[in-house]
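Thanks for making time this morning.

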Amino acid sequence: MKRILWNITFASIFTLVAYIALYAIWGAILSGLENPTLRLLIIALMTTVAFGFFLLYTSKIRKSNGEDEIVSDYQDREYVSFADDFKLVLKRESKMLICIASIVLICFVLNTFDSLVFEKKTISFPTFFFAPMCLFEAMINIPFVGYLLSAILDCLTYIAFLLFYRKKKYNYWMKNKV
């Protein structure tokens with residue numbers, strides 16, 4: 001579980017750095033949009049996608065853990081479909097998904113506590129490092145709904161990237177196996 005938390009933290013920090021570095025470009029491109037909600041939606045979606053990619057990279061690609069898992073999963077059987085692989089991924093990644101949702105929930109609790117009790121950032125400072133995971137909170141004014149949407153989309157983008165990665169690696173593995 002400690003490795004999962006580190007991978008999520010690193011992915012979030014990488015995403016935060018990329019967000020800050022690319023904000024000048026994103027801001028310039030999106031400044032033409034008149035609707036601030038649409039602008040925020042696009043930025044939140046791009047950041048969520050970036051987080052999903054960086055999480056895949058930190059947890060599966062960087063140390064080749066993903067390739068080992070694919071070999072283990074498909075050594076004695078064939079890859080059938082995304083749906084079939086989704087079942088395997090869901091079992092294998094359940095702890096990761098729970099950890100993502102838990103981090104977003106903790107961010108919600110700390111930020112809500114600060115806004116209700118202190119009316120400024122006091123104890124919620126560590127949530128800054130996980131801001132890329134919670135950007136939909138800024139877009140939706142209903143408490144908790146933005147965080148819930150963020151958690152769902154963070155998990156979905158990670159799973160989508162992982163499914164495509166596994167399919168690509170399986171095809172590569174089968175092509176070079178012969």
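The lining of the largest pocket in this predicted model divides into 13 nonpolar, 7 polar and 4 charged residues. That pocket has a volume of about 380 Å³, and of the 24 residues that line it, the closest to its centre are Asn111, Thr112, Lys121, Glu137 and Tyr147. Helices H5, H6 (136-139) and H7 each supply at least two residues of this lining, with the largest share, 6 residues, coming from H5.

Let us turn to the second largest pocket, which holds about 220 Å³ of space. Its lining divides into 3 nonpolar, 3 polar and 6 charged residues, and H1 gives the most to it, with 3 residues. Among the residues that line this pocket are Asn7, Ser59, Asn65 and Met96.

Is Ser59, then, buried or exposed? Ser59, which is found in helix H2, counts as buried because its relative accessibility is 5%, and the cut-off for buried is under 20%. Its side chain is joined to that of Tyr158 by a polar contact of 3.4 Å, and, leaving aside residues up to four places away in sequence, Ser59 also touches Asn7, Asn65 and Met96.

Tyr158 and Met96 bring us to the largest nonpolar core, where they are among the members, of 30 residues, that touch the most other members. Helix H7 (145-177) is one of the elements that give two or more residues to this core, and H7 gives the most, with 9 residues.

Technical notes: Residues are numbered from 1 along each chain as its sequence is written. This is a predicted model: local features need pLDDT of at least 70, side-chain atom pairs count only at pLDDT 80 or more; totals for chains, interfaces and linings use all residues. Side-chain values use heavy atoms; hydrogens and water are left out. A nonpolar core is a set of buried Ala, Val, Leu, Ile, Met, Phe, Trp, Tyr and Cys residues joined through side-chain atoms within 4.5 Å. Buried means under 20% relative accessible area, exposed over 50%, partly exposed in between (1.4 Å probe, protein chains only). Helices (H or I, at least four residues) and strands (E, at least two) are DSSP runs, numbered from the N terminus. A polar contact is a pair of N or O atoms within 3.5 Å; within protein, one must be able to donate a hydrogen and the other to accept it, and residues adjacent in sequence count only if both atoms are side-chain atoms. Contact means heavy atoms within 4.5 Å. On a 1 Å grid over the protein atoms alone, a cavity is a set of points where a 1.4 Å probe fits but cannot get out, and a pocket is an open set with protein on both sides within 12 Å along at least five of seven lines; lining residues have an atom within 4 Å of a point. Grid points are joined across faces, edges and corners, and a volume is the space filled by probe spheres set on the points. Ala, Val, Leu, Ile, Met, Phe, Trp, Tyr, Cys and Pro count as nonpolar, Asp, Glu, Lys and Arg as charged, and the others, Gly among them, as polar.
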